[in-house]
Amino acid sequence: MNDSRPLLNSEIKLRVSTVLNRDTKSYGKQFLCDGKEETCWNSDQGDQQWIIVSFSKPVKISKFEFKFQGGFCASHGQLEYIKQTDTEKKYTKLMDFYPQDINSEQIFDADQIEPSDNFRFNFVKLTDFFGRITIYNFQIYGNEV
């Protein structure tokens with residue numbers, strides 16, 4: 001998809017699993033895609049961490065990128081879409097991805113992913129012993145369907 005564009009901005013609804021010491025002013029979800037090198041989302045400790053992204057319309061993702069802090073990375077992640085019914089939320093795995101434990105931008109191809117308006121980036125395995133994760137940049141590229 002050559003015409004894909006960045007999809008995350010301040011109007012997109014983001015949810016995260018945890019925030020370090022519940023200090024949302026310093027480490028909250030708003031820093032995931034603000035484009036600043038000195039800000040980040042920092043999770044609290046826990047077995048699994050995740051980011052939920054809700055769009056107003058279905059989107060077709062072509063790729064996504066993360067910039068982790070080395071030592072506080074995911075070594076295994078899953079991209080899932082969320083289907084909401086009247087009685088439950090169902091998470092369906094679309095793909096696995098395997099970030100490296102480095103401080104550089106990492107891009108993951110997602111051309112084969114079906115469109116949706118709700119996605120969860122589920123970090124299944126983390127490099128930090130206590131289950132913390134730090135992300136300086138997060139972006140999704142694609143198009144509205």
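**The core and around it**

Tutor: Let's start inside: the largest nonpolar core has 33 residues, and those with the most contacts inside it are I51, F66, F121 and F123. A nonpolar core here is a set of buried Ala, Val, Leu, Ile, Met, Phe, Trp, Tyr and Cys residues joined through side-chain atoms within 4.5 Å. Buried means under 20% relative accessible area, exposed over 50%, and partly exposed in between, using a 1.4 Å probe and protein chains only.

Student: Which strands each supply at least two residues of this core?

Tutor: Strand 2 (13–16), strand 4, strand 5 (74–84), strand 6, strand 8 and strand 9 (134–144) do. Strand 4 gives the most to this core, with eight residues. Strands are DSSP runs of E with at least two residues, helices are runs of H or I with at least four, and both are numbered from the N terminus.

Student: Before I go on, what am I looking at, and how is it numbered?

Tutor: This is a predicted model, so local features need pLDDT of at least 70 and side-chain atom pairs count only at pLDDT 80 or more, while totals for chains, interfaces and linings use all residues. Residues are numbered from 1 along each chain as its sequence is written, and side-chain values use heavy atoms, with hydrogens and water left out.

Student: OK, back to F121. What does F121 touch?

Tutor: Leaving out residues up to four places away in sequence, F121 touches Q49, W50, I51, V53, F64, F66, Q78, L79, F97, F138 and I140. Contact means heavy atoms within 4.5 Å.

Student: How many aromatic pairs does the count come to?

Tutor: The count comes to 16 aromatic pairs. The rule is that rings of Phe, Tyr and Trp (its six-membered ring) pair if their centres lie within 6.5 Å; planes under 30 degrees apart are stacked, over 60 edge-to-face, and the rest tilted. F64 and F108, for instance, are stacked, at 5.4 Å centre to centre with 25° between the planes.

Student: Where do F64 and F108 lie?

Tutor: F64 lies in strand 4 and F108 in strand 7 (residues 105–109), so the pair ties together parts that are 44 residues apart in sequence. F64 is buried, with a relative accessible area of 0%, and F108 counts as buried at 12%.

Student: And why is the pair of F97 and F123 edge-to-face?

Tutor: Their ring centres are 6.4 Å apart and their planes are at 85°, so F97 and F123 make an edge-to-face pair. F97 is in strand 6 (residues 89–97) and F123 in strand 8 (residues 116–126), 26 residues apart. F97 and F123 are both buried.

Student: Which residues do ring pairs link into a cluster?

Tutor: F64, F66, F68, F97, F108, F121, F123 and F138.

Student: Which residues lie over the face of a ring?

Tutor: Two examples. K63 lies over the face of Y141, at 5.0 Å from the ring centre, and R120 lies over the face of Y91, at 3.7 Å. To count, NZ of Lys or CZ of Arg has to be within 6 Å of the ring centre and within 35 degrees of the ring normal.

Student: What about C40, buried or exposed?

Tutor: C40 is buried, with a relative accessible area of 7%. The closest cysteine sulfur to that of C40 is in C73, 12 Å away, which is too far for a bond.

Student: Let's do T39. Where is T39 found?

Tutor: T39 is in the loop between helix 1 (24–27) and strand 3, and counts as buried at 14% relative accessibility. The side chains of T39 and D34 are joined by a polar contact of 2.6 Å. Polar contacts are pairs of N or O atoms within 3.5 Å; within protein, one must be able to donate a hydrogen and the other to accept it, and residues adjacent in sequence count only if both atoms are side-chain atoms. A polar atom of the T39 side chain also lies 3.4 Å from the backbone oxygen of K36.

Student: Last one, S43. What's the place of S43?

Tutor: S43 is in the loop between strand 3 (41–42) and strand 4 (49–68). S43 is buried, with a relative accessible area of 0%. A polar atom of the S43 side chain lies 2.9 Å from the backbone nitrogen of I133.

Conventions: Disulfide = S-S within 2.5 Å.
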